Amino acid sequence: LVAPAHTSTMQNRILKKYKANLEAGEPIAAVVPDRVFRNEDLDATHEHTFYQVEGVYVARGVTVGNLIATLSSFLQEYYGKEIEVRTNPFYFPFTEPSFELSMKNPFSDDANDWIELVGCGMIHPNVLRAADIDPNEYTGFAWGLGIDRLVMMKYGIEDVRHFESAKLDFFRQF
């Protein structure tokens, strides 16, 4: 009954629910959307209530390279163009190592226009253990990103507050 600040709370449920996939030689692969709530000051790029999507993938031999390739492929498919990405070390309690994945703004000519878009990392061994999955046998990655920010960039929306504004002229564009 607590308003979630992120979708990472779903990792354990996903891992437990689909653990049989691993035993059958199949990966655990899931995407979970949810509404999340943050103690944020509102501005054009930050909202206290927004939609986030969590991705989880677990199998044998999963690496950071798989994580970055998966996210890069998704972003390129979503935006319909080549996307340059980079990672910076970060801290998230459910992943180790953890990263913030940034992408060069695909709609800007400014070489320094990078946008932090995705929190991600390798699923922490303790998270796997809590779901009765052996971290010596299986590894995986998880990521979370704000759906609103993806849409803002794709359609050139300058202010995230438009989504909750109830302004019909904004919504009629779509």
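Let's start with I28. Its bridge partner in strand 2 is V58. A word on terms: strands are DSSP runs of E with at least two residues, helices are runs of H or I with at least four, and both are numbered from the N terminus. Two strands pair if DSSP finds at least two bridges between them.

Before going on, keep in mind that this is a predicted model: local features need pLDDT of at least 70, side-chain atom pairs count only at pLDDT 80 or more, and totals for chains, interfaces and linings use all residues. Residues are numbered from 1 along each chain as its sequence is written, and side-chain values use heavy atoms, with hydrogens and water left out.

Next, strand 6, residues 139-146. Strand 2 pairs with strand 6 over eight bridges, in the antiparallel sense. There, V53 stands opposite L145 of strand 6. Strand 5 pairs with strand 6 too, also antiparallel, over five bridges. In strand 6, A142 stands opposite G121. How many of the eight residues of strand 6 are buried? Seven are, so strand 6 is mostly covered. Buried means under 20% relative accessible area, exposed means over 50%, and partly exposed is in between, with a 1.4 Å probe and protein chains only.

On to the rings. The structure holds eight aromatic pairs. Rings of Phe, Tyr and Trp (its six-membered ring) pair if their centres lie within 6.5 Å; planes under 30 degrees apart count as stacked, over 60 as edge-to-face, and the rest as tilted. Y57 and F141 are stacked, at 5.6 Å centre to centre with 25° between the planes. Y57 lies in strand 2 and F141 in strand 6, so this pair ties together parts that are 84 residues apart in sequence. Y57 is partly exposed, at 29% relative accessible area. F141 is buried, at 3%.

Compare another pair, F163 and F170. Their ring centres are 5.9 Å apart and their planes stand at 85°, so the pair is edge-to-face. F163 is partly exposed, with 23% relative accessible area. F170 counts as buried, at 7%. Both belong to a cluster linked by ring pairs: Y155, F163, F170, F171 and F174.

Two charges also sit over rings. R86 lies over the face of W114, 4.1 Å from the ring centre. K154 lies over the face of Y78, at 4.3 Å. The test is NZ of Lys or CZ of Arg within 6 Å of the ring centre and within 35 degrees of the ring normal.

Now the largest pocket. It holds about 650 Å³ of space. A pocket here is an open set of points on a 1 Å grid over the protein atoms alone, where a 1.4 Å probe fits, with protein on both sides within 12 Å along at least five of seven lines; lining residues have an atom within 4 Å of a point. Points are joined across faces, edges and corners, and the volume is the space filled by probe spheres set on them.

Last, some backbone details. A cis peptide bond joins E96 and P97, with omega about 0°. P97 lies in strand 4. D132 is not a glycine, yet its phi is positive, about 60°. D132 is in the loop between helix 4 (125-130) and strand 6, and is exposed at 57%. A166, also not a glycine, has a positive phi of about 65°. Its place is the loop between helix 5 and helix 6 (168-171). A166 is exposed, at 62% relative accessible area.
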